[in-house]
Amino acid sequence: MIDYSAYIYPGTNICLRQVQEVEYELLVEFDRICRENHIPYQLFAGTLLGAVRHHDFIPWDDDIDVCMLRDDFDEFLKICPKVLDKKYFLQTHETDPQSVVQFAKIRKNGTLYENDIDNLPETNTGIWIDVFPLDKTKHGTFSEKIQYFEVTALYAMITSTVKNRVSVCRTPWKKMLRQGMYGVSKIIPKRAMENRLYRVMTRYNDVDTGYVGNYANGTGWSYTAHVRKTENYYDMIDMEFHGGKFPVPKNYHEILTHTYGDYMKFPPEEARRPTHGITRVAISE
């Protein structure tokens, strides 16, 4: 049997399972809003894998991911602030100008869940779940490569407005590149870069490309591994996750195989650890 309480955050008596319980609380609130307002969404990435393989969290996963198509995401952002319980905070770069993410987070007020990179002053750093928009892409074409390059460059510039992200670069050339981008960010307003990135991410949303993907979390593995056919998106079923029932894509086997390969196989023991580098945790009652 898997021990969900095995990982203890350094310097605390808080285990990962306690954080997962708060994340599940956030998921239930998110699910309520979506169901009451008829906004389709589905479990995504590691949370989808957890639902299929464990009917629960992946034991070492330290966040929850959900996704929705861009139109549904925009509708959610309009409705959520009006109906979200006051215990929680909808975080975007609109509601929190210091935020560098181009998706949304729902955080629980009165909690703390931060690392050494993104602990910015006057920003909400509570325990979160991630809400990702999926945008259309011309998968397998030169146009996709151009879009990929533009997103990569713009996302790197926006995240480089956080000075701590420069200091943690592992190679000299990456640190030099980040320092240059940090300098550029002092000239070009962050909002202007965000507006440009939004236009690039949504460039093909009025075209029937046949594919969608997650550009909002940058590119690289997180994008290419999650490209999927648009035609199957709304074909969903409910699946058990941590005692509740939540929507997942009906073709989850195809999606998870594309993303993870043999997804029922556990990774090596040394890889079974949280990935967000959290160094400070506090959970309110």
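Begin at H55, which lies just after helix α2 and adopts a positive phi of about 55 degrees. The model on display is a predicted one.

Next, select residues 45-53, which form helix α2. This helix is mostly covered, with nine of its nine residues buried. The buried residues are A45, G46, T47, L48, L49, G50, A51, V52 and R53.

Which elements cover the buried residues of α2? Among them are the strands β1 (42-43), β2 (65-69), β9 (236-241) and β10 (244-249), together with helix α9 (252-260).

Within the pair, select I237 and find V248 of β10 standing opposite. Then move to the hairpin of β9 and β10, where two residues lie between the strands. In this hairpin, H242 has a positive phi near 55 degrees. Strand β10 is itself mostly covered, since five of its six residues are buried.

The last stop is the largest nonpolar core, which has 69 residues. Select L27, F30, L43, M68 and F76, the members that touch the most other members. Helix α1 (residues 16-36) contributes the most to this core, namely nine residues.

Finally, centre the view on F30. Which residues is F30 in contact with, leaving aside its neighbours within four places in sequence? The contacts of F30 are Y41, V66, M68, F76, I106, I129 and V131.

Key
Residues numbered from 1 in each chain as written. Predicted model: local features only at pLDDT ≥ 70, side-chain atom pairs only at ≥ 80, totals over all residues. Heavy atoms only, no water. Core = buried A, V, L, I, M, F, W, Y, C linked by side-chain atoms within 4.5 Å. Buried < 20%, exposed > 50% of the residue type's maximum accessible area, 1.4 Å probe, protein only. Helix = DSSP H or I, 4+ residues; strand = E, 2+ residues; numbered from the N terminus. Contact = heavy atoms within 4.5 Å. Pairing = 2+ DSSP bridges.
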